[in-house]
Amino acid sequence: MATYLEFIQQNEERDGVRFSWNVWPSSRLEATRMVVPLACLLTPLKERLDLPPVQYEPVLCSRQTCKAVLNPLCQVDYRAKLWACNFCFQRNQFPPAYAGISEINQPAELMPQFSTIEYIVQRGSPTPLIFLYVVDTCLEEEDLQALKESLQMSLSLLPPEALVGLITFGRMVQVHELSCEGISKSYVFRGTKDLTAKQIQDMLGLTRPVVPVQQGRPLQPQEQPPISSRFLQPVHKIDMNLTDLLGELQRDPWPVTQGKRPLRSTGVALSIAVGLLEGTFPNTGARIMLFTGGPPTQGPGMVVGDELKTPIRSWHDIEKDNARFMKKATKHYETLANRTAANGHCIDIYACALDQTGLLEMKCCANLTGGHMMMGDSFNTSLFKQTFQRVFSKDFNGEFRMAFGATLEVKTSRELKISGAIGPCISLNAKGPCVSENELGIGGTCQWKICSLDPSSTLAIYFEVVNQHNAPIPQGGRGAVQFVTQYQHSSTQRRIRVTTIARNWADAQSQLQHIEAAFDQEVAAVLMARLGVYRAESEEGPDVLRWLDRQLIRLCQKFGQYNKDDPNSFRLSDSFSLYPQFMFHLRRSPFLQVFNNSPDESSFYRHHFSRQDLTQSLIMIQPILYSYSFSGPPEPVLLDSSSILADRILLMDTFFQIVIYHGETIAQWQKAGYQDMPEYENFKHLLQAPLDDAQEILQTRFPMPRYINTEHGSSQARFLLSKVNPSQTHNNLYAWGQESGSPILTDDVSLQVFMDHLKKLAVSSAS
Amino acid sequence: MTICLLEAAAGCRRPASLTLLLFVIQGEKSLLLVENFAEIASPLEIHSLPYSMFFSLLLILQIQVIENDKASRGGQIYATNIRGQVPPLVTTDCVIQDQGNASPRYIRCTAYCFPSSSDMAKQAQIPLAAIIKPFAAVPPNETPLYVVNHGETGPIRCNRCKAYMCPFMQFIEGGRKYQCGFCNCINDVPPFFFQHLDHIGRRTDHYERPELSLGSYEYVATLDYCRNNKPPNSPAYIFMIDVSYSNIKSGLVKLICNELKTVLDNLPREEQEETSAIRVGFVTYNKVLHFFNVKSNLAQPQMMVVSDVGEVFVPLLDGFLVNFQESRSVVNNLLDQIPEMFADTNESETVFAPVIQAGMEALKAAECAGKLFIFHSSLPTAEAPGKLKNRDDKKLINTDKEKILFQPQTNIYESLARDCVANGCCVNLFLFPNQYVDVASMGLVTMYTGGTLYKYNNFQVHSDGPQFLSDLRKEIGKKTGFDAIMRVRTSTGFRATDFFGAIYMNNTTDVEMAAVDCDKAITVEFKHDDKLNEDSGALIQCAVLYTSISGQRRLRIHNIGLNCSSQLADLYKSCETDALINFFAKSAFKAILSQPLKTIREILVSQTARMLACYRKNCASPSAVSQLILPDAMKVLPVYINCLLKSCVLVGRPEIPTDERAYHRQLVMSMDVADTQLFFYPQLLPIVSIHLNDAFPTAVRCSEERLSEGGVFFLANGLNMFLWLGVSTPPELIQGIFNVPSFAHISTETLLPEVDNPYSKKLRSIMDYIQSNRPYSMKLLIAKQREQAEMLFRQYLVEDKGLYGGASYVDFLCCVHKEICQLLS
C-alpha cells in the first residue's frame with residue numbers, strides 16, 4: 001500500500017480536499033481526545049485539467065432532507081435500476097435517461113475516479129458578468145493617473161459582453177451614466193447621507209414608473225429597454241466612451257485645507273454601488289471593485305475624522321477603546337457586506353496609501369463576499385498594477401479564473417455532523433440533520449454562500465463525530481462526506497461540482513497507531529491556525545495564544561512518547577514531528593501578533609490567510625528560505641538566524657513578501673563590482689539565480705508580493721530578521737560562537753527554548 | 001393755491017344722492033388756461049357748466065400739477081444745499097447737484113419739514129417716511145458717487161451712535177474734535193484726519209472731502225466689515241432653468257439658452273474694468289437637479305444629476321462657477337445642448353424650494369454672494385420640500401380669511417429666505433405660468449432676498465419673447481450691491497420704526513438684503529420719540545454696507561437733512577404726494593397679510609380724510625364747512641388714494657386671479673416713488689397729432705371721456721402698455737403705424753411693426769422713452785375700440801368707475817368730503 005503521504009497527495013490532487021485525520025476515530029469521546037478536530041481544507045474549484053465537465057444534471061437522492069448526489073460510493077442495483085444513497089440509505093430509482101446503464105456502461109458519476117465531477121446545467125438565460133468600478137478621486141495627481149491607466153487597461157481584459165459601470169467618489173459620490181451621447185452625465189450623491197436601497201434606486205431612476213396594465217393586451221416586457229442600461233453597459237459598446245470618461249476624470253475638486261484630510265465618502269459610495277446592483281442585477285455574478293487611496297473620512301462608514309492631527313486608530317487605541325468610529329463603521333460595512341452577499345455579488349478592495357485606509361472596518365466586505373483585498377503604497381507601483389492585472393488572468397481554456405455566486409453544501413454520513421466553516425463565505429442558515437450544535441467558525445448551517453471564488457479559494461470545514469462510544473461502527477465501515485458546489489462559471493454557465501470522499505473509521509483505543517499514522521500535520525496546522533485567526537478577530541490576542549499553546553501541549557501529551565516528568569525522554573512520531581514547529585512560527589506570525597502591524601495590515605494578512613490553499617497557507621505560517629552559495633546548488637535552509645551567513649544569498653518567501661538578502665561578503669563583492677568582471681562570471685550567475693527564482697514566484701502569486709532586494713546591514717533586512725527563528729540573539733551570542741549566522745536583537749523566545757518548555761509541560765504529571 | 005369745492009346750484013346733472021359741488025378756483029389762473037376752459041374767467045360761471053364739464057375741470061389737475069412742475073423746474077439744476085427744500089416731482093426731469101444732502105434720486109421723503117412734536121404729528125396724521133433707493137441709477141450728466149478710502153483705519157464713525165462722518169458733523173475746538181449731528185456726542189478727530197477750521201468754523205478741506213461736503217458718497221470698508229473678516233470673493237450669477245415638459249414644448253428653454261450666449265457678455269462691471277468679475281453657473285431641473293461643470297479646460301461640459309431633492313447639495317465646486325470669457329466655448333456648447341438634451345422629456349413635475357436651496361448652497365460653498373436666475377413655469381408638485389398644492393380659493397375673497405391667499409402655504413420658504421439672506425443669495429424669479437402657481441408662496445424668497453419677480457402669463461415665444469428677453473437683459477446688466485445690510489440712523493427725537501420693501505429683517509434696526517439693485521426702494525417710516533429741535537432739524541443717515549460687483553466691500557452713505565417746525569402749515573407745505581402714495585401703498589399691501597381688506601380700505605379713506613380735515617381746521621382760511629379745501633402740496637392726493645383703493649390687490653373680486661394680486665403686491669413692495677406714481681396713475685397719451693411737432697405729447701387724464709373715436713391713445717403703467725384705437729381713426733395714421741390699410745385689418749395679435757414713417761417712428765420713440773428707466777419691460781397690447789381687448793384697457797382708466805368696483809374720482813371725492821365734514825363737525 002502506498003504511504004499516507006502519497007494517499008494524501010493523490011486525494012488532494014483529485015478532490016482538492018485534505019483532512020486533518022485520514023482515519024477517523026469512531027466515537028465522539030475519542031474524537032475530542034484527538035485534540036485536533038476532524039476537519040478538512042476544501043478547494044472547491046481546484047483546477048483540474050483532466051476533468052471535463054459533463055453536460056447534464058446530477059441525479060439527486062429523492063429524500064427531501066438528503067438530496068445527495070449520486071456518486072461512486074453509492075450501491076447500485078443495475079438490474080432493478082435502483083441506487084442506494086450512501087448518506088441516508090434511501091433507495092432511489094434512476095431517472096429514465098439512465099435506463100441503459102449496466103455494470104459495463106456506467107455513467108461518469110459512478111466511476112471511482114470521478115469522486116469529483118462537474119456538471120454543466122442549463123438554468124435560466126445566461127447573464128453577463130458585471131464589473132462595477134468604484135473609484136476614489138481623492139488621490140495625488142500621479143496616483144490617479146496611474147489608476148486611470150490601470151482601469152483603462154482593464155477594459156481590454158474584460159470579456160466584450162461583460163457589463164461595466166463606474167462610480168467615483170470623493171466628497172461626493174458620482175454614478176456615471178455610460179450610455180449618453182455628447183455631454184457626460186452623472187448622478188451625484190451627498191457623501192454624508194446613508195440611503196436605503198430603495199432611495200438609491202429612486203434617485204437613480206431605476207424604479208420603473210407604474211404603467212397601468214391595459215385590458216386585453218398582454219404585457220410585453222421587451223418593449224422597454226432594460227432600465228439599468230444607463231449605468232451598466234456592455235464593454236464592447238462603450239469602451240471608447242468609458243476610456244474617455246476615465247481619461248477626463250479629475251481629482252476631487254473640493255479644496256482640502258492645510259492640516260485636513262480630503263473628505264472621502266467611501267461608505268456611501270459602496271452603499272450606492274451595492275444598492276445599484278441590488279436593484280438591477282440581483283443574484284447575478286457581479287464584482288464591485290473599490291479603489292481607494294485613503295481612509296473614509298465622512299458619512300456612514302467613516303473611519304477617521306478629517307483633522308490630520310488626530311491619527312487613524314492603532315491597535316493601541318483599539319485596546320484602550322479609543323477608536324471612536326470603529327464600531328459604527330464596522331457595522332455599516334457589515335450590513336453592506338451582508339446585503340451584497342445576499343445578492344450574490346462580491347466586493348474587492350484595492351487600497352493604496354502610505355497610511356491606513358480603514359481595511360479593518362471594511363474587511364468584512366471582502367471577507368464575507370469572497371472579494372479580493374489588496375494593500376499597497378500607491379497605485380503607481382507594479383505591486384498594484386500587476387495584482388490588478390492578475391485579477392483578470394485566464395486559465396488554460398481562456399476563461400477567467402473567477403466564479404460567482406457559489407453555494408457550497410456539505411452532506412455527511414450519519415456518524416458525522418458539520419460544525420462550521422472558515423473561509424470567504426457566509427452562512428446560508430440551512431439547518432439540517434447533519435448540522436452540529438457545536439459551532440466552529442461559521443456554523444449552524446450546512447450551506448454557505450461564496451459570492452466569488454477562484455481556483456485557489458479554500459475553505460476550512462470542521463466536523464464533529466457524533467457516534468456514541470457504546471455504538472461501535474462495524475469493522476470496515478466508512479464515513480462519507482459530499483461537497484456540492486453550485487456556481488456561475490466565468491463563461492456565465494451554471495455549474496455544479498460534486499466531490500464525494502470517504503474515510504475509514506477506526507477504534508481509537510485499539511487502533512490508535514492507525515489514526516496516528518493517518519494524521520496530516522500540515523493541514524492540521526493550517527486548520528488550527530484558521531481557528532486561531534478566526535478567534536483572534538473577536539478575542540484578545542493573548543487568549544488565543546494561550547488556547548493554541550494548550551492545544552499543542554494536549555496534543556503532545558496524547559501522541560508523544562515519554563516517561564512522566566522526564567522531558568528528555570519526549571519523542572514525537574514522524575507524522576507529528578513538524579507540527580510544534582508550525583505552531584511556533586504561527587505564534588510569531590502577523591496573523592496572531594499585532595505588534596508592529598497596523599490594524600489594517602492585520603486585517604489584510606488575516607484576509608489572505610483565511611482563503612489561500614494549503615501550500616500558500618503553510619508559507620504564510622512558516623516562510624520558506626532558500627540559500628544560494630558557491631558551496632552547492634540552491635537549497636532550502638532552516639528558517640533560522642543560523643542560516644544567515646556572510647557568503648550566502650538568501651531568498652525568503654513569506655507569501656506577502658519576497659526578500660532577497662545578500663550576506664555581508666556577497667554584498668561587498670557586489671559593491672566591488674565583481675559581477676561585471678568576466679573572470680567572475682560565476683558570481684554574476686549566483687546573483688542572478690535568486691532573482692530568477694523570485695521572478696518565478698512573482699509570476700504566479702496573487703496578490704503580488706512586496707519584492708524586497710536587500711543586503712546585510714540594510715534597514716530592509718528587518719523583513720528577514722523578524723521572520724527567522726532567533727536562535728542567536730544578543731543574549732546568547734557568545735554561547736553560540738561568532739562563526740555561524742548573525743544574531744538577532746530580540747527578546748523573543750527561540751524555537752529551541754519553545755521546544756524545551758513544550759517538552760517540560762507535556763511530560764509534566766501535574767497538568 | 002387752494003381749491004375750493006362749493007355747494008353747487010341746481011342744474012347740474014348729478015345723482016341726487018350726492019352733494020352737488022362747485023369749484024372755485026382761486027389764484028393761479030394758468031391752471032385754467034389749458035384745454036377748453038381757458039375762457040372761464042369767473043368762478044361764478046361754473047354754476048352753469050354741465051356736470052361732465054365740471055368734472056373735467058377738477059380732473060385736469062392731476063395732469064396739470066405734473067405739467068406745472070415740469071414747466072417750472074424741468075430741465076433746471078436742482079442743488080441740494082438747502083435743508084428741507086422740497087425737490088421737483090418725480091415726473092420732472094432735472095439735473096441734480098449734490099451739495100450736502102442726498103439727491104432725491106436716492107431719498108425722497110413724504111414731508112420735508114417734520115412736525116416738532118409727536119402730538120403735532122398725530123394731529124396731522126401725515127405719515128413721516130423716506131423712500132430710499134440706495135443704488136438708484138444716475139443719469140450720465142450727474143456725477144457718480146465718490147469713493148473715500150481711509151485705508152486700514154476704515155471709515156470715521158461717531159463713537160456713540162456709530163454714525164459715519166458726514167456734512168452734519170460739527171467741527172469744534174479748532175478742528176480737534178467734532179460733535180455728532182445725530183447723537184450730539186463729542187468725538188476726537190483722528191490725527192490723520194485733522195484739518196484746521198476757517199473763519200466760519202468750517203474745515204479748510206471741506207470741498208476736498210466728499211464725506212464733508214456731499215450728501216452721498218461711498219467708503220471702502222475694511223476687513224472688519226467683511227464676513228468672517230475675509231475679503232469677499234466676486235459675486236456669481238447662477239442660471240437655473242426649469243426643463244420640464246411645458247418649458248421645452250413652449251420653446252422657452254431654447255430661447256433662454258440662445259439669449260444667454262450673448263447676454264452674458266453684458267454682465268455688470270466696474271467702470272474702470274474691461275471685463276466683469278462676476279462668475280456664472282448653470283443648473284437645469286425638473287424633478288431632479290442637473291448641475292453643469294463648465295470648466296474652461298473641458299472639451300465637453302459635464303452634467304451632474306442631484307436627485308436627493310429632500311436634502312439638496314452642490315455636487316461640485318471647481319468648474320461650476322466660471323468666468324464666462326474663459327469658459328465661453330464650453331458654456332456655449334452647454335447652452336447648445338440643453339434644449340436637445342431634454343427635447344424628448346415627458347417630465348412634467350417640478351421642484352422649487354430645492355432649486356433655491358441648491359443655488360444658495362452653491363454660493364455658500366464658493367464663499368461668495370450672488371444672484372440666482374430661476375426660470376420656472378409650474379406649481380412645484382413633485383415630492384420635495386416646498387411642495388405646493390393648488391390652494392386658490394375664490395370663496396375666501398372678501399372674507400377675513402382672504403389674507404391667507406397672500407401668505408405662503410408652507411413656512412419652508414420663509415426659513416429658506418432667511419438662509420438665503422444670511423448667505424447673500426438673491427433670488428430672481430421668472431415665472432411663466434399657464435395656471436395658478438401660488439405666487440404668494442413662490443415669490444416669497446424673491447421678496448425677502450431683494451430679488452425681482454417677473455411673471456409672463458401664458459407665455460408664447462413669438463409674442464412674449466421680446467418682453468422677457470428685454471427683462472432678462474436688463475436684470476443681468478443691473479448695477480447691484482450684494483450681501484447688503486442697511487442701517488438708518490436719525491438725529492435725536494425720532495427714529496425709524498418700520499421698513500417696507502424687498503428686504504429681510506432679523507431685528508428691528510438692520511435691514512438685510514441679499515442684493516439690492518438700482519430699482520429697489522425701501523420705504524422707512526419714522527416716529528417721534530421726543531421733541532425735535534427746530535434749529536438742528538431732523539437728520540437722516542442711511543448707510544448700506546455691501547459687496548460691489550467687483551467683490552469689494554463698500555459702504556454707501558446717504559445723508560439728508562429735513563426741517564422741523566411747530567407750524568402745521570409748514571408741514572402741509574412740505575409734503576410730497578407721490579411719496580405719500582408710495583408709503584400708503586406699501587403699508588396697505590403689507591397690512592394685507594394680517595388684516596381684512598375692508599379694514600385696510602377704511603383706514604386709507606379715513607386717514608386721507610383726517611389729513612385733509614386737519615389742514616382744513618388748522619391751516620386753511622376760514623370758510624364754510626361744506627367747502628372742500630385741499631392743501632396745495634396734496635391736491636392730487638385724493639385721486640391717487642382712489643387709484644390705490646382700486647388696485648387689484650385691494651379689490652377682491654373672483655374675476656381677478658389671485659396670482660395676479662399677489663404679483664402686484666410683491667412688485668409694489670419694492671417700488672420707488674416714480675414707479676408707484678406711474679403704476680397707480682397710468683400715463684395716457686393722445687397720439688393723434690404726434691407727427692406735427694417733436695414735442696412729447698401731453699398726457700391726458702385716465703378717463704374714458706378723454707378717448708375719442710377718431711384718435712389713437714397710448715397708455716402705460718410700468719407693467720403694461722396699450723395702444724387704444726378708436727373706430728374712426730384716420731387711415732393714414734393706421735397705415736403709418738401698422739402698415740395696413742384700415743382699422744379692420746389691424747390684428748391685435750401682431751407686434752407693432754417697424755415702419756419707416758414719422759408716425760411709426762414717433763410712436764416707437766415715445767414707447768422707448770416711457771420704457772426707459774422703468775424696471776420692467778412692458779408688453780404692448782393693442783386694444784381696438786369695441787373689441788374684447790378694450791375691456792382690459794378700460795381697467796386702467798383709473799378715474800372712471802372701476803370694472804371690478806371702485807369709485808370714480810368724483811364719487812370718491814364726495815365720499816372723502818363727507819368724511820371730512822363729519823370730522824369737522
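Start by colouring chain A by burial: of its 767 residues, 57% count as buried (buried is under 20% relative accessible area, exposed over 50%, partly exposed in between, with a 1.4 Å probe and protein chains only). What you have open is a predicted model, in which local features need pLDDT of at least 70 and side-chain atom pairs count only at pLDDT 80 or more, while totals for chains, interfaces and linings use all residues. Residues are numbered from 1 along each chain as its sequence is written, chains are lettered from A and ligands numbered from 1 in the order in which they are written, and side-chain values use heavy atoms, with hydrogens and water left out.

**Stop 1: chain A as a whole**

Show chain A as a cartoon and you will find 21 helices and 29 strands (these are DSSP runs, helices being H or I with at least four residues and strands E with at least two, numbered from the N terminus). Along the principal axes, the C-alpha atoms fill a box of roughly 90 × 80 × 60 Å.

**Stop 2: backbone details in chain A**

Most residues other than glycine have a negative phi, and most peptide bonds are trans. Select A:Phe702 and A:Pro703: a cis peptide bond joins them, with omega about -5°. A:Pro703 sits in the loop between helix H18 (681–700) and strand E29 (706–711) of chain A.

Next, go to A:Asn429, which is not a glycine but has a positive phi of about 55°. You will find A:Asn429 in the loop between strand E18 (426–427) and strand E19 (447–453) of chain A. Is A:Asn429 buried or exposed? A:Asn429 is exposed, with a relative accessible area of 53%.

**Stop 3: an open sheet in chain B**

Move to chain B and select the strands E5, E7, E25 and E22: in that order, the four form an open sheet with antiparallel pairing (two strands pair if DSSP finds at least two bridges between them). Strand E5 (107–109) and strand E22 (494–500) of chain B are the edges, each pairing on one side only. From one strand to the next, the twist averages 25° (axes are lines fitted to C-alpha atoms, for helices over the stretch in contact, and angles run from 0 to 180 degrees between N-to-C directions).

Zoom in on E5(B) and strand E7 (residues 129–132) of chain B, which pair in the antiparallel sense over three bridges. Which residue is the bridge partner of B:Arg108 in E7(B)? The partner is B:Ile131.

Then pick B:Glu525 in strand E25 (residues 522–528) of chain B. B:Glu525 counts as buried, at 13% relative accessibility. Leaving aside neighbours within four places in sequence, B:Glu525 has contacts including B:Leu128, B:Arg495, B:Asp498 and B:Phe583.

**Stop 4: aromatic pairs**

Over all chains, the structure holds 74 aromatic pairs (rings of Phe, Tyr and Trp, its six-membered ring, pair if their centres lie within 6.5 Å; planes under 30 degrees apart count as stacked, over 60 as edge-to-face and the rest as tilted). Show B:Phe239 and B:Phe282: the pair is stacked because the ring centres are 5.8 Å apart and the planes are at 25°. B:Phe239 lies in strand E13 (residues 236–242) and B:Phe282 in strand E14 (residues 279–285) of chain B, so the pair ties together parts 43 residues apart in sequence. Both B:Phe239 and B:Phe282 are buried.

For an edge-to-face pair, select B:Phe722 and B:Phe793, 5.6 Å centre to centre with 65° between the planes. B:Phe722 counts as buried at 1% relative accessibility, and B:Phe793 counts as buried at 0%.

**Last stop: two loops of chain B**

B:Gln85 is in the loop between strand E3 (77–79) and strand E4 (95–97) of chain B. Its C-alpha atom is 7.8 Å from that of B:Leu562, 477 residues away along the chain. Finish at B:Asn228, in the loop between strand E12 (216–220) and E13 of chain B, where phi is near 55°.

How values were computed
Contact means heavy atoms within 4.5 Å.
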